[in-house]
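Morning, everyone. One structure today, and I'll keep it short. Have a look at it first.

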Amino acid sequence: AEQKEKPHFAFLPSPGMGHIIPLFEFAKRLVINHGFHVSFFVITTGASAAQNELFLSDNLPAGFHAVEIPPVENISSFFTDDMRVVTRLSIIVRESLKQYLSSLLIKHRPKALIIDLFCTDAFEICKEVSIPVHSFFTASTLLMAFSLYLPTLDREVNGEFVDLPQHIQTPGCNPICPHDLLDQVKDRKNDEYKWYLLHVSRLPLAAGIFVNSWDDLEPVTLQALKENSFFQNIPIPPIHTIGPLIKQDEVITEKDAEILAWLDNQPPDSVLFVVFGSGGTLTSEQLTELAWGLEMSHQRFILVARKPSDASASAAFFNVGSDEDDPLMYLPEGFAKKTEGRGLVVPSWAPQVAILNHPSTGAFLSHCGWNSTLESVVHGVPMIAWPLYAEQRMNATFLTEEVGVTIKFPVVPGEELISRKEIEKMVRIVMEGEKGMAMRRRAQELKESAKIALNNGGSSDDSLCRVVQFWKSDQSLCS
Ligand code: UDP
């Protein structure tokens, strides 16, 4: 009888650690806390050391099965040099699913599939075999609300959204400054926009949408969604607020242990952690300014360094953790010597959650990807916002103006060079100033409120338990 009540679900994230990590955590939670059986389909895109590390079998609970989707042969023949990241991503997913998803579903026989925003080709394939599909939206709820509204905007607005003279008013939500809009909707003629629009216009096909947030972090947007005022004409599936789900039980390699041991020897709240998500890269000129800004601040720091790229701010997106370069090759000469003992440079990838969880970590210079944001807030760490790509400018503004855990530069990184002087100033504000203290207190408040939301009986726990109970009572979902 026990066996009969065990739902078997499959998960399918699109490539990119920022997509894989939250779906992985959600899946683990269903297995560990709710006794599910999970088949976790991962699209292989080549050498991502960080991705491989995640699926080391020691890290997986019983009942969790990682299933590799082999790389599509000759995928690069589908690409042109000017294709942007969401276009590439969508093509990889489309081709992988076309080749493999049906047979995987037949072989593994899950009763439902949970996907992220960029795997919407799965709707069609799953419809043919009558498998319900749920969506896990891995970015902010504000972006989700905007995205659900995008097909309407697309019909009603002529010209570019960025040229609109006023802020964009997603019903019931806080207005968005056109400049902060995600890159994907800033050029409506680009294929990337067409892909994004296609994916978001399929969101209503989901049997339910999970969001990685909680009431105290995004009160306005979540209220708008609950009141339904937002969706006069937009059919939306049930929305389940289950966050913040962040990386747990990170795999700590020997190299990681050295970083943590270094942190053990630093005073409380004294270290600034610097990393730009899984894909972020700076130009060489900007990296030089950053390095000297850190040096001039005289603060302790951990800098995750990646080979600079003048072509793209997300150059490391598909193969992060694979870059074995020596950072000394591209950091300015003399930098290592001048910051010796005070700064630690780590190539490519670091155990972010363990670092944010360490008492010596005092602040985070971050690109403000949604997972990084949640991880910082959950550990009570204030941020310096350095948005680079996707919807990160939106997150930076929201975190600075509404939440109060972040400061941002007066100019936009990537559009203008941020000087070492400005960087030094920002670092000092966060690490030494009264404003930094206030931001840290605010982050601590949210840390407590996140705990409450996830604890037994809290809003996010409740929301997940309710849907799990519903799934378990639906015999067609259990095997
Ligand atoms: N991450 C990490 N080590 C690194 C860089 C990133 O563990 O050196 C993890 C980080 O903890 C987060 C994810 O990668 O869980 C990045 O997701 P996010 O949404 O912040 O940004 P994205 O990579 O999607 O731009």
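This is a predicted model: local features need pLDDT of at least 70, side-chain atom pairs count only at pLDDT 80 or more; totals for chains, interfaces and linings use all residues.

Residues are numbered from 1 along each chain as its sequence is written.

Confidence. pLDDT is the predictor's confidence in each residue, from 0 to 100. The chain's mean is 93, and 97% of its residues reach 70 or more. ipTM is 1.00 and pTM is 0.96.

Now the sheet. Helices (H or I, at least four residues) and strands (E, at least two) are DSSP runs, numbered from the N terminus. Two strands pair if DSSP finds at least two bridges between them. What order do the seven strands take? S3-S2-S1-S4-S5-S6-S7, in an open sheet with parallel pairing. At the edges sit strand S3, 64–69, and strand S7, 239–241; each pairs on one side only. From one strand to the next, the twist averages 25°. Angles here run from 0 to 180 degrees between N-to-C directions, and axes are lines fitted to C-alpha atoms, for helices over the stretch in contact.

Look at S2, residues 37–43. S2 pairs with S3 in the parallel sense, over six bridges. Val38 stands opposite Phe64 in S3. Helix H1, residues 17–34, packs on the sheet. H1 touches S1 (8–12), S2, S3, S4 (112–115), S5 (133–137) and S6 (209–211). The direction of H1 makes about 165° with that of S2. Contact means C-beta atoms, placed from the backbone, within 7 Å.

Next, Leu104, in helix H3, residues 85–108. Why does Leu104 count as buried? Because Leu104 has 21 C-beta neighbours inside 10 Å. The cut-offs: buried is 20 or more other C-beta atoms within 10 Å of the residue's own, exposed is 12 or fewer, partly exposed is in between, with C-beta atoms placed from the backbone. Leaving aside neighbours within four places in sequence, Leu104 is in contact with Phe41 and Val67. Leu104 and Phe41 are 63 residues apart along the chain, yet their C-alpha atoms are separated by 8.6 Å.

Last, the ligand. 19 residues surround it; the closest are Gly18, Gly277, Ser278, Gly369 and Ser372. H1, helix H11 (352–356) and helix H12 (370–378) each supply at least two residues of that shell. H12 gives the most, with four residues.

Notes. Two residues are in contact if their C-beta atoms, placed from the backbone, lie within 7 Å. A residue is near a molecule or strand if its C-beta atom, placed from the backbone, lies within 6 Å of it.
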